[in-house]
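Hi,

Here is the structure I promised to pass on.

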Amino acid sequence: MSRRMLSVLTTWAAIAPAVVLSATTYDYIVVGSGPGGGPLASNLARAGFSTLLIEAGGDETQNPTYSDLANFLEACNDEASRWDFWVRHSDNATQDLAFHHTTWDTGGGTFYVGNDPPAGAKLLGIQYPRAGTLGGCAMHNAGVASLAQDEDWNAVVNLTGDTSWEAPNVRKYLKAIEKNEYMPAGNSAHGYNGWLSTFVSDVSWAQAANSTGVRILEKLSTLLNQTSKDPNVLFGGDILGNPPNKDQISSIYNMAYHCDSKGKRSTPADFILSTLSDPAKYPLTLKMRTLVTKVLFNNSTTQPRAIGVEIMEGASLYRADPKHTPGAKGPVSQVFASKEVIISGGTFNSPQILKLSGVGPKAELEALGIKVVKDLPGVGEKLGDNYEASIIGLTKEPIPAGLTTAIWRTPNAATKNRNIYSWCGPFSFEGFWPGFPTDYGANQWECAMVHIGPKSQAGSVRLRTADPQDTPDINFRFFKNHGDTDLAELVEATNILRSSWLAAGDPALPIQELHPCPGEIGKAKCTDAMQAEYFRVQAYSHHATSTCAIGADSDPMAVLDSKFRVRGVQGLRVVDASAWPQVPGAFPVVPTMMLSQKASEDIIAEAKAQQGSHDHAHT
Ligand SMILES: Cc1cc2nc3c(=O)[nH]c(=O)nc-3n(C[C@H](O)[C@H](O)[C@H](O)COP(=O)(O)OP(=O)(O)OC[C@H]3O[C@@H](n4cnc5c(N)ncnc54)[C@H](O)[C@@H]3O)c2cc1C
Ligand SMILES: *[C@@H]1O[C@H](CO)[C@@H](O)[C@H](O)[C@H]1NC(C)=O
Ligand SMILES: *[C@@H]1O[C@H](CO)[C@@H](O)[C@H](O)[C@H]1NC(C)=O
Ligand SMILES: *[C@@H]1O[C@H](CO)[C@@H](O)[C@H](O)[C@H]1NC(C)=O
Ligand SMILES: *[C@@H]1O[C@H](CO)[C@@H](O)[C@H](O)[C@H]1NC(C)=O
Ligand SMILES: *[C@@H]1O[C@H](CO)[C@@H](O)[C@H](O)[C@H]1NC(C)=O
Ligand SMILES: *[C@@H]1O[C@H](CO)[C@@H](O)[C@H](O)[C@H]1NC(C)=O
């Protein structure tokens, strides 16, 4: 071998990871172990199909930062799982720079958060945390268990004609996954034998007669037109219940969580691990610390057919991971699926993986030199999220209270359904940034709000490079469509919540509001327009959905059909929060687990029907 050729080979070896061809073939490959992929992979294996579940992160289920739900703030900030996406909220750079928690890189793993960065700091953007770990974001989230509105399910029926999505039909998916630990057995709205524990918070604080906290609770219940003042009645309604017109009821509730009665987080990771350790030896293979870099297609078929994925093995290979070492790579190989590849990387990563594989908007792919397998312009578009905002102040004396949760409709809302999920108490939560939240001490008092049913889904996830280790460019374009309507709803909610605070009386009053209307409440004057402008710039979010949305046959922007199949190719589906055509309710995690259960049942039924017709053909 000539010296020149040798040097070419060594150069090649230095830049290109070793390509190892593996002969292993599974029935299904599922990419991502979060609320979308984790339950699906487990269900496929339990149905007897050999399934490979690939997860970029590791297993933190035995780490108390994650397993004890009470530690969720530490979990969100923890480097063991953290994936930092630096996003934009709008196309207006000036507006994003005015966001109070815009973050700058000050070198050596340090950050500056705020509007007056030191010289030389490099703009990162707005932090959007995700969990790259077994169980996905269910491992670091606040654990709030909430349901989609009926119309979020019915919207799929409208778009596709698939009646299996009708709202009355989907309660069975909750019942299949739930292990309810807060309602007496036999309640027909709930399941008791599933893998997902649900529990509620401790509201015994509300039994204290006439405390400042109880006076706020009673006032809020009056403002929501509830007649009883009895805390057992006020907190007695089931927040996950199934009464008629559930989406129109304005009420105080006891917040529910995906945790057990001892406060242990309950997530898809538990279901995956129990599937792996089950004596029945289900054919599930879990491959952690492995980054999927693209889907492999066979182009000899009429439509390109997904036959496997390319993977790069190693921890912290994705650049969202703060533990990533610049230049780090791992060995690259291929794994194959005889039936299907299912992408469940979440709302940012699923469209990224599709695009890296040649499935996405033609111009965007070609500009980066990616060969187009299927021009699918909707991939990465339609990004939507619940707007979140808060009213926070400092009380004269601390208010003794737990959480007062309410789901309600602001009286002048544009739609008939309730549009606000709020929770009030002595805490501080103003969005996400490295090291969040700010601790204002014992006198902090807040009502946090999640706006339900945002009327704009104009955000996008687009490739910045063709490198699978890079993060994509993410812009939410908050409030782009019908923003004034949604902002008016947030302002109306704020004004009602604030007026409940005045009922606290001595010794909590006066309360000094920090935002959106700084000053002593009851005296400080802010117009609705001023508050709306505050929220336009300072709203935040963490429930991103819809970047691989299910849509109508006739809609060129539709990415999936109602069975989660990626349009225009074969053997490929997307099952995770990105599949929702609209943002499901106030909190997406339980809806997405239900969607995963639905996908499991649909895919297994389809496979068994194929097997059946195959067997039939041979008899
Ligand atoms: C800080 C925070 C708090 C939240 N709080 C709540 C809450 O209280 N209640 C609620 O309902 N919702 C909450 N959410 C939202 C909720 O957790 C998510 O909507 C939900 O987890 C989405 O599930 P998913 O399966 O779509 O994606 P994810 O949970 O993001 O899971 C995707 C998985 O895929 C893996 N992955 C991605 N790309 C690759 C790749 N290329 N190769 C291999 N693996 C890959 C990731 O590591 C991850 O494990 C919160 C979210 C955040 C970020
Ligand atoms: C951009 O945002 C800034 C700050 O909020 C605002 O003053 C300006 O009018 C905005 N520009 C456009 C074009 O909307
Ligand atoms: C379904 O379509 C009908 C007719 O266009 C519309 O009135 C209704 O609001 C839609 N429902 C949902 C849930 O989108
Ligand atoms: C509640 O406490 C306040 C302040 O101490 C007092 O003025 C009020 O009379 C009390 N109300 C009841 C119903 O006890
Ligand atoms: C409560 O009822 C009053 C009187 O009907 C009404 O004006 C108000 O809007 C209602 N409040 C809410 C939150 O629905
Ligand atoms: C299928 O086509 C795509 C796009 O041209 C290409 O990247 C891929 O390598 C092809 N697959 C095979 C097996 O040739
Ligand atoms: C690709 O598809 C063709 C046509 O169905 C088939 O003959 C061939 O075996 C497939 N190749 C792979 C690698 O799956």
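**Around ligand 1**

Strand 6 (122–131), strand 13 (290–298) and helix 11 (346–356) each put at least two residues into the shell around ligand 1. Before you go further, keep in mind that this is a predicted model. In total, 40 residues surround ligand 1, and the closest are Gly 36, Glu 55, Arg 130, Cys 137 and Val 589. Sorted by class, that shell has 20 nonpolar, 17 polar and three charged residues.

For polar contacts, you could start with these. A polar backbone atom of Pro 35 is 3.3 Å from an oxygen atom of ligand 1, and a polar side-chain atom of Asn 141 lies 3.4 Å from an oxygen atom of the ligand. On the nitrogen side, a nitrogen atom of ligand 1 is 3.4 Å from a polar backbone atom of Ala 142. Ligand 1 has 1,000 Å² of accessible area on its own, and the protein covers 99% of it.

Helix 11, one of the elements supplying that shell, has eleven of its eleven residues buried, so it is largely enclosed by the rest of the structure. Among the buried ones are Phe 348, Asn 349, Gln 352 and Lys 355.

**Around ligand 5**

What surrounds ligand 5? The residues are Leu 223, Asn 225, Arg 409 and Pro 411, which by class makes two nonpolar, one polar and one charged. An N or O atom in the side chain of Asn 225 is 2.3 Å from an oxygen atom of ligand 5. The protein covers 45% of the 360 Å² of accessible area that ligand 5 has on its own.

**The core**

The largest nonpolar core has 159 residues, and Val 309, Tyr 421 and Leu 572 have the most contacts inside it. Helix 15 (residues 589–618) gives the most to this core, with nine residues. Domain 1 (3–63 + 268–382 + 547–617) and domain 2 (192–264 + 384–467 + 478–538) both contribute residues, so the core lies between them.

Helix 2 (37–46) is mostly covered, with nine of its ten residues buried; Gly 37, Pro 39, Leu 40 and Asn 43 are among them. Ala 47 sits in the loop between helix 2 and strand 2 (51–54) and is partly exposed, at a relative accessible area of 26%. Gly 48, which also follows helix 2, has a positive phi near 100°.

Most residues other than glycine have a negative phi, and most peptide bonds are trans. A few places here are worth a look with that in mind.

- Arg 289 is not a glycine, yet has a positive phi of about 50°. Arg 289 is in the loop between strand 12 (284–287) and strand 13 and is partly exposed, with a relative accessible area of 41%.
- Arg 477 has a positive phi too, near 45°. Arg 477 is in the loop between strand 23 (473–475) and helix 13, and is buried at a relative accessible area of 10%, because the cut-off for buried is under 20%.
- The peptide bond from Phe 436 to Pro 437 is cis, with omega near -5°; Pro 437 lies in the loop between strand 20 (420–425) and strand 21 (444–451).
- The peptide bond from Leu 509 to Pro 510 is cis as well, with omega near 0°. Pro 510 is in the loop between helix 13 (483–501) and strand 24 (512–515).

Cheers

Definitions and conventions: Residues are numbered from 1 along each chain as its sequence is written. Chains are lettered from A and ligands numbered from 1 in the order in which they are written. This is a predicted model: local features need pLDDT of at least 70, side-chain atom pairs count only at pLDDT 80 or more; totals for chains, interfaces and linings use all residues. Side-chain values use heavy atoms; hydrogens and water are left out. A residue is near a molecule or strand if one of its heavy atoms lies within 4 Å of it. A polar contact is a pair of N or O atoms within 3.5 Å; within protein, one must be able to donate a hydrogen and the other to accept it, and residues adjacent in sequence count only if both atoms are side-chain atoms. Accessible areas come from the Shrake-Rupley method with a 1.4 Å probe; for residues, only the protein chains shown count as cover. Helices (H or I, at least four residues) and strands (E, at least two) are DSSP runs, numbered from the N terminus. Ala, Val, Leu, Ile, Met, Phe, Trp, Tyr, Cys and Pro count as nonpolar, Asp, Glu, Lys and Arg as charged, and the others, Gly among them, as polar. A nonpolar core is a set of buried Ala, Val, Leu, Ile, Met, Phe, Trp, Tyr and Cys residues joined through side-chain atoms within 4.5 Å. Buried means under 20% relative accessible area, exposed over 50%, partly exposed in between (1.4 Å probe, protein chains only). Domain bounds come from an automatic or database domain assignment.
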